[in-house]
Amino acid sequence: MQRAKYQLAIFDFDGTLANSFPFFASVFNELAEQYRFKKIEMHEIETLRHATPRQIMQHVNMAAWKLPLVSRGFIRRMRRNAHQIELFEHISDSLKFLASSGVRLAIVSSNSKENVAVILGAELFALFGQVHCGMSIFGKTAHLKKILRKTGIAAQHAIYIGDQETDAEAAAQANMAFGAVSWGYGSMQALRQHDRVLEFVTGHDLRQLA
C-alpha cells in the first residue's frame with residue numbers, strides 16, 4: 001500500500017505502544033489456573049503468534065464467556081505491576097513528532113484507561129485527544145467509528161495501528177486503513193493478508209504518517 005498522510009492516527013495499546021506481552025506471558029498460566037482453561041507451554045508461544053485470538057481461545061479451551069473475566073484479571077495484575085511495562089523503542093519520540101506535525105492522536109484499547117495513563121506517563125497521555133478503553137478485543141469497531149464522528153474526520157483520512165488480527169478486522173469494519181506493527185505479538189505474515197495495510201518495521205517508521 002502506498003504511503004499516505006493521515007489527519008487521525010488511532011493506536012491500539014498493548015503490543016503496539018506498550019511492550020506488555022512479556023508480562024502477559026508471565027501471568028497467563030496463573031489466569032489459566034484461576035479460570036480453568038489450558039495452560040500454554042513456552043514452546044507453543046511462537047506458533048500461536050500465527051493464530052487469531054479466536055484460534056488461541058480454542059487452543060486453550062477458553063469459553064467465550066470467560067474472556068471478560070480473564071481480561072479483567074490481566075488488567076488488575078498489570079495495575080499492580082505497571083512499573084514493569086515499558087514503551088517500545090522510538091514510540092515516545094514518534095508520538096511527539098506526529099502530534100507536533102498536526103496529526104490528531106487517539107487510543108482504542110481493551111486495557112484500562114488507568115493502566116494506559118500510568119504506562120504512557122502524563123506528558124504522552126496528554127497528546128491523545130480521545131482514549132477509549134475497556135472494551136472486548138472483538139468490540140473495537142464501534143469505538144473507532146465513535147472517534148471518527150467526534151473528530152469529524154472522514155475514515156479515508158484515518159488509520160488504526162495495531163498488532164493483532166482483531167485490530168485489522170476492526171479497522172476494515174470502520175472503513176479505515178490499518179497499520180501493522182512488526183514488534184507486537186501477532187505475526188506480520190498474518191497481518192499483511194488484510195486489505196489496506198501499511199507495515200511499520202520500527203517505532204521510528206510511524207513518523208511517516210505525518
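Reader: Which residues does Ser112 touch, leaving aside those up to four places away in sequence?

Author: In this predicted model, Ser112 touches Ile75 and Cys133. Contact here means heavy atoms within 4.5 Å. Ser112 itself lies in the loop between strand 2 (104-109) and helix 6 (113-120).

Reader: Why is Ser112 called buried?

Author: Ser112 has a relative accessible area of 14%. Buried means under 20%, so Ser112, at 14%, is buried.

Reader: Ile75 came up just now. What does Ile75 in helix 4 meet, together with its helix neighbours?

Author: Ile75, Met78 and Arg79 in helix 4 meet Glu114, Asn115 and Ile119 in helix 6. Sorted by class, the residues of this contact are three nonpolar, one polar and two charged.

Reader: How do the axes of helix 4 and helix 6 cross?

Author: The two axes come within 10 Å and cross at roughly 35°. The crossing of helix 4 with helix 6 is left-handed.

Reader: Let's go to Asp12. What makes Asp12 buried?

Author: The relative accessible area of Asp12 is 4%. The cut-off for buried is under 20%, so Asp12 belongs in that class. You will find Asp12 in the loop between strand 1 and helix 1.

Reader: What does Asp12 touch, not counting residues up to four places away in sequence?

Author: Asp12 touches Leu17, Val108, Lys140, Tyr160, Ile161, Gly162, Asp163 and Asp167. Take Ile161 as an example: Asp12 and Ile161 are 149 residues apart in sequence, and their C-alpha atoms are 6.1 Å apart in space.

Reader: Why is Arg36 called exposed?

Author: Arg36 has a relative accessible area of 72%. Exposed means over 50%, so Arg36 counts as exposed. Arg36 lies in the loop between helix 1 and helix 2, and has a positive phi of about 60° although it is not a glycine.

Reader: And Asn61, is that residue buried or exposed?

Author: Asn61 has 58% relative accessibility. That value is set against the cut-off of over 50%, so Asn61 is exposed. Asn61 sits in the loop between helix 3 and helix 4, and its phi is positive, near 60°, in a residue other than glycine.

Reader: Which residues of helix 8 are buried?

Author: In helix 8 (residues 141-151), the buried ones are Thr141, His143, Leu144, Ile147, Leu148 and Thr151. They pack against strand 1 (8-11), strand 2, strand 3 (128-133), strand 4 (158-162) and helix 9. Just after helix 8, Gly152 takes a positive phi of about 75°.

Reader: How do you know where empty space is left?

Author: Rolling a probe the size of a water molecule over the atoms shows it. A search of the whole structure finds one cavity of 30 Å³ or more. The largest cavity has a volume of about 40 Å³, and its lining includes Arg49, His50, Asp163 and Gln164.

Reader: What makes a space a cavity or a pocket?

Author: In a cavity the 1.4 Å probe fits but cannot get out, whereas a pocket is an open set of points. The largest pocket holds about 850 Å³ of space. It is lined by 38 residues, and those closest to its centre are Phe21, Phe24, Ile137, Gln164 and Tyr185.

Reader: Which classes of residue line the largest pocket?

Author: Its lining has 21 nonpolar, eleven polar and six charged residues. Among the elements that each supply at least two lining residues are helix 1 (21-35), helix 4 (67-80) and helix 9 (165-173).

Notes
Residues numbered from 1 in each chain as written. Predicted model: local features only at pLDDT ≥ 70, side-chain atom pairs only at ≥ 80, totals over all residues. Heavy atoms only, no water. 1 Å grid on protein atoms, 1.4 Å probe; cavity = no way out; pocket = protein on both sides within 12 Å on 5 of 7 lines; lining within 4 Å. Points joined across faces, edges and corners; volume = space filled by probe spheres on them. Helix = DSSP H or I, 4+ residues; strand = E, 2+ residues; numbered from the N terminus. Buried < 20%, exposed > 50% of the residue type's maximum accessible area, 1.4 Å probe, protein only. Nonpolar A, V, L, I, M, F, W, Y, C, P; charged D, E, K, R; others polar. Axes fitted to C-alpha atoms, helices over the stretch in contact; angles between N-to-C directions. Left-handed = near helix turned anticlockwise from the far one by under 90°.
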